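Hi everyone, thanks for coming.

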Amino acid sequence: MTAHIRKIIVQVDETRQEMGRAVTPPTRRALAIAVIANPYAGRYSENLDELIAIGEELGALLGQKCVKALGIEPGQAHSYGKAAIVGEAGELEHAAAILHPKLGAPLRAAVEKGAALVPSAKKRGGMGTAIDVPLGHKDAAFVRSHFDAMEARVSDAPRAQEIVVAVVVTDSGRPLQRIGGLQVHEIQGKDGLR
Amino acid sequence: MIEIKRVFTQVEEIFHEFGPAPAQPLIRGAIGAVLTNPYAGRYEPNILPMMDALQDVGIDMARQLLVSMDVLLERIATYGKGAIVGELGELEHGALWHVPGGYAMRELLGWKGDRTAYKAGKVDEKPTGQPGNALAIVPSTKKVGPPGATLDVPLTNINACYVRGQFDAFEVRVPGAPLPDEIVFILAMTTGYRIHARVGGLLAKDISQWNGLR
């Protein structure tokens, strides 16, 4: 099963200045979204394998789109996150099937390493519903400077029979981060936490 | 005067809208630059210095947009522009974008940097009879709005604004901007026809008058 994709959206958000101070280098977050048909819309299916396979496909596609949009080498990625919005004819478990079983491995391949959990969010919604994609450092979940979220929204999706799938990759943390905690240079990168 | 705080790009590939998918997807791109509004919170009678200062901003944005869209220049078929002014500004501040925003894309698409010739009306006569490129007015919208406000940026063909199958609008929005003392300046370009366009009218291949209209 390959995803039946209606549209793909890629956004890059670059912050150069915050509260009157230069952000050097600028922080950059890339968001890639696929709007896909939900093969289980409008019915209960015990087996959700088609969506699990779609998740694997989209982990690679969307992860690579983000890295390309940032113009970086995969190893230069800092943080990542994922999210899905299920249209009205679907159920939350459909988002779970895309996001959790198989999306992570190809996304990690797209950014190299990735010892940490890929933080996620999901909801059911109508067209134009926004979802905040949570972000954490890809190699160490406790890196406080990289806790963040990026808003994803498609004006004409999801239609009832669709699912919006979003992946975010950054090459930086928050602008002007200064609340301490584990720093990037202190990452051990073994257990996914520190 | 020019203080660029954020740059936001968005590129959309549309494969179908529940009809037969065309051979190539429609690609729509937009770029929004978030700038400090130097006139926020007061009435400034002379705002024209900002218009001049925006020229280079526009050109950089148009180039960056094309790079983000990752398509050949020749494929750009429609364009549009807009501005969202934060609440301490006025609509007229958004109007500063009309000249530099329009110039920027037209220069990129048609005159490739020879602004003097453009201003003087001296353009290359192409063997096809097409006197240059980007002949049509760049359609626009603007508003005063809160952070995250959406703007529907109108889109029309770059050479003939009556190409019906390419009338479109692109919803653009920068989460978190504009703050009260900011302005979001927007440029948008696409590769052409709406997906499943089928309401007739002038086609781009039939443009004959090269007057920006037909």
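Before we look at how the chains meet, one definition: two strands count as paired if DSSP finds at least two bridges between them. Please also keep in mind that this is a predicted model.

With that in hand, look at where the two chains come together. Strand 1 of chain A pairs with strand 1 of chain B, residues 4–14, in the antiparallel sense, and the pairing runs over nine bridges. To pick out a spot on it, find A:Glu14: its bridge partner in strand 1 of chain B is B:Val7.

Now the wider interface. How many residues of each chain are in contact with the other? On chain A there are 15, and they are in contact with 18 residues of chain B. The biggest giver on the chain A side is strand 1, residues 5–18, with 13 residues. Sorted by class, that side of chain A holds six charged, five nonpolar and four polar residues.

Let's turn to chain A by itself. You can count three helices and seven strands. Starting at the N terminus, the order is β-β-α-β-α-α-β-β-β-β.

What about its overall dimensions? The C-alpha trace of chain A spans about 50 × 35 × 25 Å along its principal axes. Its radius of gyration is 17 Å, which agrees with the value near 16 Å for a compact globule, because that is what 194 residues would give.

Inside, 52% of the 194 residues in chain A are buried. And of the contacts in chain A between residues at least 6 apart in sequence, 80% join residues at least 24 apart.

Terms used. Residues numbered from 1 in each chain as written. Chains lettered and ligands numbered in written order. Predicted model: local features only at pLDDT ≥ 70, side-chain atom pairs only at ≥ 80, totals over all residues. Contact = placed C-beta atoms within 7 Å. Helix = DSSP H or I, 4+ residues; strand = E, 2+ residues; numbered from the N terminus. Nonpolar A, V, L, I, M, F, W, Y, C, P; charged D, E, K, R; others polar. Rg over C-alpha atoms; globule rule 2.2 N^0.38 Å. Buried ≥ 20, exposed ≤ 12 C-beta atoms within 10 Å, placed from the backbone.
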